[in-house]
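Have a look at the model first, then read on.

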Amino acid sequence: AKHVPLNYWSSSWIPGINAARPNTFTLGEVFLENDSNQLKPYLDAGFDSTFNFPLRKAIVDSVGKAGSLDILAGKVQDYVGNLGINRALLQVSFLDNHDVQRFINEPGFGVAENEIRARYSMGLGLIFTLPGIPQIYYGDELGVYGGGDPDNRKDMPSWSWTDAGRNATQSGYLAGGGNAKTTFDFIKKLATLRTGNEALWKGGYAEMWRPNGGNNVYAFYRGNNLNNRFVVVVNNGTGASGNIPLNINANTAIPATDRGYMASATYDDQAGRGAPATVTASGGTLNVNLPAKSIAIYKAR
């Protein structure tokens, strides 16, 4: 979309599309990675959505390359705050596509596959729980490796179409403690979770914790007086996070009704990536302690 004058989109193409087929969802590919200010002109021109390249870069720099989650927290704050939650919910979140190398190639040579798998799980969990519409690029559901073009556009392997094939020993995909079925089943779990819980596809967002020089942990809330409420926690550190006190009562970015509901609730982890399966808030604070390189998607009962 960036290679066409904006006034053509706003004055001709978008009105034409809407006149010919009302309520068509229009998505602009805008390969710009700095911040949401680069995406906003295309939304103002009439596009419903853009590919959230700034978010993808932040996930790569923080999770894929083992950087600070403060990078990610800041980028989410940028696009949610600058675009507003309604627009933020429509932006497309992704880890890779045909224009960039695959996410599991981002850690680089010398990183153990078990470590890459852990980073990949965190990245996948984030695009399914942060505000936005998750997109899975073909092969991501298998953990296929791929560098820059054309290595990121290889054919789907013939074994990928059956559960038996995905469960067999193969080569050229992310192993490290599992097989292609491990990745496939995790993405199925995330997709089912998001589809079945409206807080994850139309809920509000509030930051609950960011590193700021401390433990490399990022936590956020998804909800807004809906039928379900979530607290997502990511530990990108090399060891256990230690106790992270998430103060629910003091977080005025969370609606008062949800704060009251969540302040003493019991939460169940939906990700199953090694975090404590159940945690309970007490006195308005939810204390969490995650193992290294893990994500928890806690749903309030």
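Is phenylalanine 53 buried or exposed? Phenylalanine 53 is buried, at 0% relative accessibility; buried means under 20% relative accessible area, exposed over 50% and partly exposed in between (1.4 Å probe, protein chains only). This is a predicted model, in which local features need pLDDT of at least 70 and side-chain atom pairs count only at pLDDT 80 or more, while totals for chains, interfaces and linings use all residues. Residues are numbered from 1 along each chain as its sequence is written, and side-chain values use heavy atoms, with hydrogens and water left out.

**Aromatic pairs**
- Searching the whole structure turns up eleven aromatic pairs; rings of Phe, Tyr and Trp (its six-membered ring) pair if their centres lie within 6.5 Å, and planes under 30 degrees apart count as stacked, over 60 as edge-to-face and the rest as tilted.
- Phenylalanine 31 and phenylalanine 53 are a stacked pair, because their ring centres are 4.3 Å apart and their planes sit at 15°.
- Phenylalanine 31 is in the loop between strand 1 (27-28) and helix 2 (40-44), and phenylalanine 53 is in helix 3 (residues 53-64), so this pair ties together parts 22 residues apart in sequence. Helices (H or I, at least four residues) and strands (E, at least two) are DSSP runs, numbered from the N terminus.
- Phenylalanine 31 is partly exposed, at 29% relative accessible area.
- Phenylalanine 51 and phenylalanine 94 go edge-to-face, with 6.0 Å centre to centre and 85° between the planes.
- Phenylalanine 51 lies in the loop between strand 2 (49-50) and helix 3, and phenylalanine 94 in the loop between strand 3 (92-93) and helix 6 (113-129), so the pair links parts 43 residues apart in sequence.
- Both are buried: phenylalanine 51 has a relative accessible area of 13%, and phenylalanine 94 has 1%.
- Tyr8, Trp9, Trp13 and Phe47 are joined into a cluster by ring pairs.

**Charges over rings**
- Arginine 229 has its charged end over the ring of tyrosine 261, 3.9 Å from the centre; the test is NZ of Lys or CZ of Arg within 6 Å of the ring centre and within 35 degrees of the ring normal.
- Arginine 102 lies over the face of tyrosine 138, 5.2 Å from the ring centre.

- Glutamate 106 sits in the loop between strand 3 and helix 6, and is buried at 11% relative accessible area.
- Beyond its neighbours within four places in sequence, glutamate 106 contacts (heavy atoms within 4.5 Å) Arg56, Val60, Gly64, Lys65 and Gln101.
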